[in-house]
Amino acid sequence: MQRLQEILGKKVMPGDEVCTVEEFLPGLGTFEKGGIVRAAWAGMTEVDMITRTVFVKPFRDIFKIPSRETVIVGIVTVVKDEFAIIKVVGDIKGHTYPTGFTGLLHISQASDRHVKDLYEVIRVGDIVKAKVLSDSPPYNLTLKGPKFGVLLSFCGNCGSIMKKSGPDTLKCPRCGRVEKRKLSIDYGRLKGLLL
Ligand SMILES: [Zn+2]
């Protein structure tokens, strides 16, 4: 999880080390030499978790900022009782944010249902799709509505990608652990979102 945050959304110059081939396979804008995946051009790193591939998106495509109603993709970095902090790394139209923006999710915006515990909604390391409620950073976010919620999650036990096993329920295919989340209807469909 920690490592994914280091790899994803990083500004790179040609030749910069991105990750190892064991972590991600080299995709567009990268090349591999001696087991190390490096940037082929200047841009920002993105990953496709399904194919375990890393890409570098050129800078010319990226300078844009979110505003009210923008649907963003982010990584959960902090979860407290009443709020969570989400690093906003891009939007669903394919714009990426080189340095990331701070997004805040209050528990009242976490779900359409009443939520007692934010840990039943999201956890650190989850990749989420959310709607922006404010015009400048830190962005207030909402997960209300079927499209919004967790897009990808990793097992708290063994780190495998969790599979959807019921409404707002995930199950680990490797160790069998079951966890609750507020899932997006697009759970698991990460491919193409940030590319
Ligand atoms: Zn597991």
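In which loop is R52 found? In this predicted model, R52 sits in the loop that links β6 (43-48) with β7 (53-58). The phi of R52 is near 50°, a positive value in a residue other than glycine. Such a value is worth a second look, since most residues other than glycine have a negative phi.

A second residue with a positive phi is D168, at about 55°, and D168 is not a glycine either. D168 lies in the loop between β14 and β15, a hairpin with two residues between the strands. With 18 other C-beta atoms within 10 Å, D168 is partly exposed.

The hairpin leads on to a sheet. Strand β14 (residues 163-166) and strand β15 (residues 169-171) run antiparallel and are joined by three bridges; G166 has T169 of β15 as its bridge partner. Together the three strands form an open antiparallel sheet in the order β14-β15-β16. Its edge strands are β14 and β16 (178-180), each pairing on one side only. On average, neighbouring strands of this sheet are turned by 40° against each other, direction ignored.

One peptide bond also deserves mention. The bond from P137 to P138 is cis, with omega near -5°, whereas most peptide bonds are trans. P138 is placed in the loop between β11 (127-132) and β12 (139-142).

Key:
Residues are numbered from 1 along each chain as its sequence is written. This is a predicted model: local features need pLDDT of at least 70, side-chain atom pairs count only at pLDDT 80 or more; totals for chains, interfaces and linings use all residues. Two strands pair if DSSP finds at least two bridges between them. Helices (H or I, at least four residues) and strands (E, at least two) are DSSP runs, numbered from the N terminus. Axes are lines fitted to C-alpha atoms, for helices over the stretch in contact, and angles run from 0 to 180 degrees between N-to-C directions. A residue is buried if 20 or more other C-beta atoms lie within 10 Å of its own, exposed if 12 or fewer, and partly exposed in between; C-beta atoms are placed from the backbone.
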